[in-house]
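The following exercises concern one protein structure. Please work through each task before reading its solution.

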Amino acid sequence: MEAVGPRPLCPGQALLAAHSNHVRMAQLSLVDAHAHLQEEVLEGHVPGVMARAAEAGVRWIVCNGTHENDWEQVAELARTYPGVVPCFGLHPWFVAERSPEWLDRLEEHLLAMPSGVGEIGLDRWHEPRDEAAQEIVFRQQMALACRLERPVVIHCLRAWGWLMDVLRDTGAPRSGMLLHAYGGPPDLIGPLASMDGYFSFAGDVLEERRKKKRASLQAVPLDRLLIETDAPAMMPPEAARPHVVRGADGEAWNEPANLPSILEGVAGLIGVTPERLAEITRENAQRLLGGIGCRPIGS
Ligand SMILES: [Zn+2]
């Protein structure tokens with residue numbers, strides 16, 4: 001592969017190099033393992049977001065529902081756009097808003113189309129929170145995923161010991177689980193991987209100060225590694241965000257077209273070429289999400 005070194009270039013050369021880099025990236029067939037295209041801040045921007053993702057070589061975007069009121073939007077996005085891989089779940093931040101029928105409604109959505117269970121999880125950071133309710137809801141969704149044999153997408157914030165205790169009890173679905181934006185310690189990677197765990201990393205791992213996250217990234221077996229944007233959240237550092245969506249309030253938001261920059265940064269951190277990392281993450285996504293099956297973006 002051609003070296004993408006920091007060699008000084010005159011402006012014309014730089015433009016050409018940027019162009020060839022862009023063309024090269026567009027051929028990579030990347031998988032954004034975690035995003036929320038249904039978020040309100042992206043309203044009206046989705047056609048542009050999808051077009052820019054296609055141009056950047058992003059072929060699949062795993063789109064996670066977070067509460068009952070966005071599941072239908074996730075389903076609609078998956079019906080409208082090839083390459084949107086739908087997941088339906090009740091996120092720990094929204095457990096208090098659930099209706100009495102939430103679990104039946106979740107199962108209906110899961111049965112209506114090939115899909116995963118997510119985003120679900122445990123969280124000891126967000127305020128206010130009801131930890132007992134979080135655990136009940138998480139266990140119910142794990143049981144559903146196991147019964148339907150669907151992969152799960154897990155959010156875990158400051159709750160790793162708690163998560164491990166619950167997982168040892170519930171077990172993991174045979175179809176695998178994704179620890180999204182993995183922020184747990186390196187020594188939990190082995191036990192989680194033995195429960196069919198996969199680990200995805202977002203743009204924040206490119207920040208110098210994220211030493212713990214970087215150590216975890218470097219400890220993940222290559223056959224369990226994925227990358228994600230978590231768009232519109234988790235804006236990558238400035239050097240790794242060629243694209244932003246401007247919300248109505250003028251605020252800048254993340255989008256899946258930033259994935260090639262995350263790919264390049266992560267590849268550098270683990271010492272493989274971006275091309276190789278693209279291949280690895282695509283194969284891993286196929287193994288984890290292949291059962292969901294979905295045509296790529298732009299097909
Ligand atoms: Zn998320």
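**Exercise 1.** Determine which residues of α3 meet which residues of α4, and how the contact divides by class.

*Solution.* Step 1: Glu68, Trp71 and Ala75 of α3 meet Trp102, Arg105, His109 and Ala112 of α4; two residues are in contact if their C-beta atoms, placed from the backbone, lie within 7 Å. The model is a predicted one, in which local features need pLDDT of at least 70, side-chain atom pairs count only at pLDDT 80 or more, and totals for chains, interfaces and linings use all residues. Residues are numbered from 1 along each chain as its sequence is written.

Step 2: The contact of α3 with α4 has 4 nonpolar, 1 polar and 2 charged residues. Here Ala, Val, Leu, Ile, Met, Phe, Trp, Tyr, Cys and Pro count as nonpolar, Asp, Glu, Lys and Arg as charged, and the others, Gly among them, as polar.

Step 3: The axes of α3 (residues 68–80) and α4 (residues 102–112) come within 11 Å and cross at roughly 10°. Axes are lines fitted to C-alpha atoms, for helices over the stretch in contact, with angles from 0 to 180 degrees between N-to-C directions. The two helices α3 and α4 are therefore roughly parallel (under 35 degrees; over 145 is roughly antiparallel, 65 to 115 roughly perpendicular, the rest oblique).

**Exercise 2.** Describe how α9 and α10 are placed against each other.

*Solution.* Step 1: The axes of α9 (residues 259–270) and α10 (residues 274–289) cross at roughly 105° and come within 9 Å. Step 2: This makes α9 roughly perpendicular to α10. Step 3: Leu263, Glu264, Val266 and Ala267 of α9 make the contact with Pro274, Leu277 and Ala278 of α10. Step 4: By class, this contact of α9 with α10 comprises 6 nonpolar, no polar and 1 charged residues.

**Exercise 3.** State the strand order of the open sheet of 8 strands and identify its edge strands.

*Solution.* Step 1: The protein has 10 helices and 10 strands; helices (H or I, at least four residues) and strands (E, at least two) are DSSP runs, numbered from the N terminus. Step 2: The open sheet has the order β1-β2-β3-β4-β5-β6-β7-β8, with parallel pairing; strands pair if DSSP finds at least two bridges between them. Step 3: The edge strands, each pairing on one side only, are β1 (30–35) and β8 (225–227). Step 4: On average, neighbouring strands of this sheet are turned by 30° against each other, direction ignored.

Step 5: β1 and β2 (residues 58–64) pair in the parallel sense over 4 bridges, and Asp32 stands opposite Ile61 in β2. Step 6: β5 (residues 152–157) and β6 (residues 177–179) pair in the parallel sense over 3 bridges; Val153 has Leu178 in β6 as its bridge partner.

**Exercise 4.** Is Arg147 buried or exposed? Contrast this residue with β1 and the largest nonpolar core.

*Solution.* Step 1: Arg147 lies in α5 (residues 131–148). Step 2: Arg147 counts as exposed because it has 11 C-beta neighbours inside 10 Å (a residue is buried if 20 or more other C-beta atoms, placed from the backbone, lie within 10 Å of its own, exposed if 12 or fewer, and partly exposed in between). Step 3: In β1, by contrast, 6 of its 6 residues are buried. Step 4: The largest nonpolar core has 78 residues, of which Ile61, Val62, Cys63, Leu178 and Leu226 touch the most other members. Such a core is a set of buried Ala, Val, Leu, Ile, Met, Phe, Trp, Tyr and Cys residues joined through C-beta atoms within 7 Å.
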